[in-house]
Amino acid sequence: MDDLLREVEEMTSGEPRYEKISFYDEEQEGFVEFFVLERTKINGEEYLLASQEVNQDADGYIFKVVAEHTAEDAEVSMELELVEDDTELEAVGKVFAELLSEDMNIEI
């Protein structure tokens with residue numbers, strides 16, 4: 001019952017619920033969490049727009065899904081790479097800006 005109440009509370013709180021992904025950061029020697037703000041596919045490639053915070057002033061990062069693995073327990077893990085190519089970054093960033101134009105102000 002507590003789980004049901006918690007879920008109803010989250011649904012009615014007005015806060016958007018975002019999927020979380022974790023990365024191991026070698027520099028910090030620990031895991032860093034990101035919120036997935038949006039997903040899209042372009043030319044057969046899947047991209048994620050993610051941020052460490054969910055607010056208008058947060059920095060966003062665009063990741064490309066390189067591979068996806070499903071474990072025996074149905075847990076899915078993804079291999080992601082940060083998009084660093086300026087041309088690809090600008091093109092994908094424009095798509096995310098269009099998708100989220102009503103919700104967020106995205107600057108590339």
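Two strands pair if DSSP finds at least two bridges between them. With that in hand, let's walk through this chain, which is a predicted model.

**Overall layout**

The chain holds two helices and five strands, and along the sequence they follow the pattern α-β-β-β-β-β-α. Of its 108 residues, 20% are buried. The accessible surface comes to about 8500 Å², and carbon and sulfur atoms account for 43% of that surface.

The five strands form an open sheet in the order β1-β2-β3-β4-β5, with antiparallel pairing. At the edges stand β1 (19-25) and β5 (76-82); each has a single partner strand, so one side of each is left without a neighbour in the sheet. On average, neighbouring strands are turned by 50° against each other, direction ignored.

Moving across the sheet, strand β2 (residues 30-42) and strand β3 (residues 45-51) run antiparallel and are joined by seven bridges. In this part of the sheet, Phe35 stands opposite Ser51 in β3. The next step, from β3 to β4, is also antiparallel and has five bridges; here Leu48 stands opposite Phe63 in β4. Then β4 and β5 pair in the antiparallel sense over seven bridges, with His69 opposite Ser77 in β5. The hairpin of β4 and β5 has five residues between the strands, and Ala74 takes a positive phi near 70° there.

Which strands does helix α2 lie across? Helix α2 (residues 86-99) lies across β2, β3 and β4 (60-70), and runs at about 80° to β2.

**An aromatic cluster**

A pair of aromatic rings is described by the distance of the centres and the angle of the planes. A search of the whole structure finds two aromatic pairs, and they are set out below.

| Ring pair | Centre distance | Plane angle | Arrangement |
|---|---|---|---|
| Phe34 and Tyr61 | 5.6 Å | 90° | edge-to-face |
| Phe34 and Phe63 | 5.7 Å | 75° | edge-to-face |

Why are these pairs called edge-to-face? Planes over 60 degrees apart count as edge-to-face, and the Phe34 and Tyr61 planes stand at 90°, while those of Phe34 and Phe63 stand at 75°.

Phe34 in strand β2 and Tyr61 in strand β4 are 27 residues apart. Phe34 lies in strand β2 and Phe63 in strand β4, so their pair ties together parts that are 29 residues apart in sequence. Through these ring pairs, Phe34, Tyr61 and Phe63 are linked into a cluster.

Tyr61 is partly exposed, with a relative accessible area of 30%. The cut-off behind these labels is simple: buried means under 20% relative accessible area, and exposed means over 50%.

Lys64 lies in strand β4. With a relative accessible area of 15%, Lys64 is buried, since buried means under 20%. The side chains of Lys64 and Glu88 are joined by a polar contact of 3.0 Å. Leaving aside neighbours within four places in sequence, the contacts of Lys64 include Glu45, Glu46 and Tyr47, as well as Glu79, Leu80, Glu81, Val83 and Glu88.

Glu81 has its place in strand β5. At 40% relative accessible area, Glu81 is partly exposed. Which residues does Glu81 touch, not counting those up to four places away in sequence? The answer is Ile62, Phe63, Lys64 and Val66. Glu81 and Tyr47 are 34 residues apart in sequence, and their C-alpha atoms are 9.6 Å apart in space.

Definitions and conventions: Residues are numbered from 1 along each chain as its sequence is written. Side-chain values use heavy atoms; hydrogens and water are left out. Helices (H or I, at least four residues) and strands (E, at least two) are DSSP runs, numbered from the N terminus. Axes are lines fitted to C-alpha atoms, for helices over the stretch in contact, and angles run from 0 to 180 degrees between N-to-C directions. Contact means heavy atoms within 4.5 Å. Buried means under 20% relative accessible area, exposed over 50%, partly exposed in between (1.4 Å probe, protein chains only). Rings of Phe, Tyr and Trp (its six-membered ring) pair if their centres lie within 6.5 Å; planes under 30 degrees apart count as stacked, over 60 as edge-to-face and the rest as tilted. A polar contact is a pair of N or O atoms within 3.5 Å; within protein, one must be able to donate a hydrogen and the other to accept it, and residues adjacent in sequence count only if both atoms are side-chain atoms. Accessible areas come from the Shrake-Rupley method with a 1.4 Å probe; for residues, only the protein chains shown count as cover.
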